[in-house]
Each structure stands twice: as structure tokens, then as C-alpha cells.
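Subject: Handover of a structure

Dear colleague,

Please find below the structure that I am passing on to you.

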Amino acid sequence: MGAETTSNSASRGGDGDSHRETQVVLNVYDLTPLNSYTYWFGFGIFHSGIEVHGMEYGFGAHDFPASGVFEVEPRTCPGFIYRCSISLGRMTMSPHEFRTFIENVAAEYHGDTYHLITKNCNHFTNDISWRLTGKRIPGWVNRLAQLGSVCSCLLPESLQVSTVKQLPEYHACSEEEGTESFSTTSPCEPTENNDTDLKHLLSPSAESGEVAFIKEVQR
């Protein structure tokens with residue numbers, strides 16, 4: 001009986017806790033102090049991240065055809081104002097299984113594909129929540145994009161941009177390896193232009209903490 005139990009445990013990954021249920025949490029941040037007023041009318045500009053196994057995962061924009069998925073300490077995403085946490089449900093994926101999962105997902109979320117209306121940080125968390133729990137994030141979190149997709153004229157001209165070009169710090173690409181090597185430091189400060197304030201709002205800031213970009217699985 002003991003040998004059989006050991007064998008069954010090994011078939012599940014050799015860890016008795018590998019399939020223990022884990023909470024999946026949505027952490028929501030304000031992108032502007034104006035949210036304090038507009039939130040009560042069901043409207044605001046928000047960033048969100050998914051907290052799993054003690055880390056938070058989000059999606060940000062940059063100019064490279066590589067992973068825009070990053071991880072930070074929960075509820076501390078730099079440059080944003082933490083608002084609240086929302087329980088989305090539970091999952092049974094172990095830390096090792098989740099790491100493999102998020103590295104695969106990172107290949108679908110390149111920084112240069114970020115789009116405020118069609119593929120932003122909240123679309124990312126909604127997708128991850130659905131895959132992990134079968135539930136969507138609350139609609140109010142991404143209402144700006146929903147309104148923009150119906151009528152872009154409702155949005156300020158400064159928000160009608162395809163990507164936010166705030167660059168993470170990358171090491172030089174190695175021709176021998178054929179892959180990018182990512183720095184675990186935070187993104188570089190945005191280039192100076194008329195959209196500097198917007199870029200600061202929609203991408204993690206280098207001024208407040210470190211952001212580690214997830215290295216995607218090469219396909």
C-alpha cells in the first residue's frame with residue numbers, strides 16, 4: 001500500500017501539495033486620481049494584474065516582438081495606485097505548472113501588440129482568469145476599452161493610440177542563441193514626446209520599483 005501511495009504521488013508531480021486549491025485574485029489599480037470621482041458612475045481608467053502563488057502578473061507595452069507579460073510583488077505594481085482586490089475563484093495548478101502555463105501565455109502577449117482598445121492589461125487578466133477559473137473579470141474594470149470599441153470618438157485623442165512605447169530594458173540579442181535575453185530590471189523611462197503622461201499611466205514605471213518580464217516559451 002505504501003509503495004502504491006508513493007507511486008501515485010510521484011505521478012502527480014511528487015508533491016503532495018501540487019494539486020491543492022490556490023486562490024486566484026484580481027488586483028485593480030487606478031491610473032488617474034480622477035477615478036475617485038468617476039468610479040461611482042461606473043467609469044474609470046484602470047490597470048489590473050492577476051495574483052497567483054504569491055506573485056502578480058500583468059501585461060505592458062513596449063516596442064519589441066517579445067513578451068510583455070511581467071511579474072511584481074502583489075498589489076505593488078509601480079506607477080499605479082492600488083485600489084482593491086477581487087477574488088476570482090480557485091485553481092489546482094501547482095507553482096511549477098503555473099510557471100509553464102504563464103511562459104506559454106507570454107508568447108501570445110508581445111509588448112508590441114499592446115493596444116488600449118483591443119489588447120490591453122485588462123484583456124490579459126480577463127483571459128487568464130477565464131483559463132484558470134472559467135470566470136471573467138468584472139466588466140467595469142475594462143469599461144474604457146468597451147466604450148472605445150463602440151465609438152472611439154468618446155475617448156480623448158491622446159488615448160487613441162495603438163501601443164504605449166515605454167521600453168523595458170533588454171540586453172542585446174544574441175545571434176547564436178537566436179533569442180532575446182531579458183533583464184529583470186524595470187522599464188526604461190519613456191521617450192520625450194507629447195504622449196509622455198499617457199505612457200506613464202499605461203505602463204509600469206521605473207521610478208517606483210522593479211518589474212521582471214516573463215521569458216516566453218520559444219515556438
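Where is the place of histidine 53? Histidine 53 is in the loop between E2 and E3; these names follow DSSP runs numbered from the N terminus, with helices (H or I) of at least four residues and strands (E) of at least two.

Before the details, a note on the basis. This is a predicted model, in which local features need pLDDT of at least 70, side-chain atom pairs count only at pLDDT 80 or more, and totals for chains, interfaces and linings use all residues. Residues are numbered from 1 along each chain as its sequence is written, and side-chain values use heavy atoms, with hydrogens and water left out.

The hairpin of E2 and E3 has two residues between the strands, and histidine 53 takes a positive phi near 50 degrees there. Histidine 53 counts as partly exposed because its relative accessibility is 31%; buried means under 20% relative accessible area, exposed over 50%, and partly exposed in between (1.4 Å probe, protein chains only). E2 and E3 run antiparallel over three bridges, where pairing requires that DSSP finds at least two bridges between two strands. Valine 52 has methionine 55 in E3 as its bridge partner.

E2 is also joined to strand E1 (residues 22-30), by six bridges in the antiparallel sense, and valine 28 is partnered there by serine 48 of E2. Seven of the seven residues of E2 are buried. Phe46, Ser48, Ile50 and Val52 cover one side, while His47, Gly49 and Glu51 lie on the other. In a regular strand, side chains alternate between the two faces of the sheet.

Arginine 75 sits in the loop between E4 and E5 and is partly exposed, at 40% relative accessible area.

Helix H3 (residues 95-106) has Phe98, Phe101, Ile102, Val105 and Ala106 as its buried residues. Seen down the axis of H3, these fall within an arc of 135 degrees, so they line one face of the helix; the arc is that of the directions from the helix axis to the C-beta atoms. They pack against strands E2, E3, E4 and E5 and helix H4, contact meaning heavy atoms within 4.5 Å.

Finally, the count of disulfides (pairs of cysteine sulfur atoms within 2.5 Å) is zero. The sulfur of cysteine 121 is 8.6 Å from the closest cysteine sulfur, in cysteine 77, which is too far for a bond. Cysteine 121 is buried, at 4% relative accessibility.

Yours sincerely
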